[in-house]
Amino acid sequence: SSRPAASAAWLTSAMADAFVKLKKTLQEVMTYADERIEKRGKAACDFVEKVQRDEAEVRQELAALQAEFASIEDEHAELDRQLREMQELRVALEAQRNGGLFACCSPPSVTAHELSVFEPERE
């Protein structure tokens, strides 16, 4: 009768040891998993922050390019205005050279080709 009791005690002790080992192994696995998750989470956060910094930088560059483009358009409009003014002056000068009562009504000898301006391509 003491033999089954000893056997039961040994089995209980062996089961307790197995559960302790299992518990320790599970804790190690959970610790490892937590570390991996934390490491990957930090890497993901770092990547998101870098993308956000890059995006902000691109937005700034885009704003600078848009301002530069607007400035170029303004300069182009001013150049067009000056060319129209120059054309009007040439027409008036041509009329004075030709003289006569109806000189202002005659077409100028300056052709449109002589007044053409190179226009850069716009994208």
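Which residue forms a salt bridge with D54? The points below work towards that pair and its surroundings.

1. On the model itself, this is a predicted structure, in which local features need pLDDT of at least 70 and side-chain atom pairs count only at pLDDT 80 or more, whereas totals for chains, interfaces and linings use all residues. Residues are numbered from 1 along each chain as its sequence is written, and side-chain values use heavy atoms, with hydrogens and water left out.

2. On the overall fold, the protein has 2 helices and 0 strands, where helices (H or I, at least four residues) and strands (E, at least two) are DSSP runs numbered from the N terminus. Helix α1 covers residues 2-98.

3. On burial and surface, 4% of the 123 residues in the protein are buried, with buried meaning under 20% relative accessible area, exposed over 50%, and partly exposed in between (1.4 Å probe, protein chains only). The protein exposes about 11200 Å², of which carbon and sulfur atoms supply 61%; these areas come from the Shrake-Rupley method with a 1.4 Å probe, and for residues only the protein chains shown count as cover.

4. On charged pairs, side chains of opposite charge can pair when their charged atoms come close. A salt bridge is taken here as a side-chain nitrogen of Lys or Arg within 4 Å of a carboxyl oxygen of Asp or Glu, and by this rule the count comes to 5 salt bridges.

5. To return to the opening question, the partner of D54 is K50, and the closest N and O atoms of this salt bridge are 2.8 Å apart. The two residues are 4 residues apart in helix α1, so about one helical turn separates D54 from K50. D54 counts as partly exposed because its relative accessibility is 32%, and K50, at 42%, also counts as partly exposed.

6. K42 and D46 form another salt bridge, with the closest N and O atoms 3.0 Å apart, and both residues lie in helix α1 at a spacing of 4 residues, about one turn of the helix. K42 counts as exposed at 52% relative accessibility, while D46 counts as partly exposed at 36%.

7. E55 pairs with R59 in a salt bridge whose closest N and O atoms are 3.1 Å apart, and these residues, too, lie in helix α1, 4 residues apart, about one turn of the helix. E55 counts as partly exposed, at 41% relative accessibility, whereas R59 is exposed, with a relative accessible area of 51%.

8. Finally, a network of salt bridges links E78, R81 and E85.
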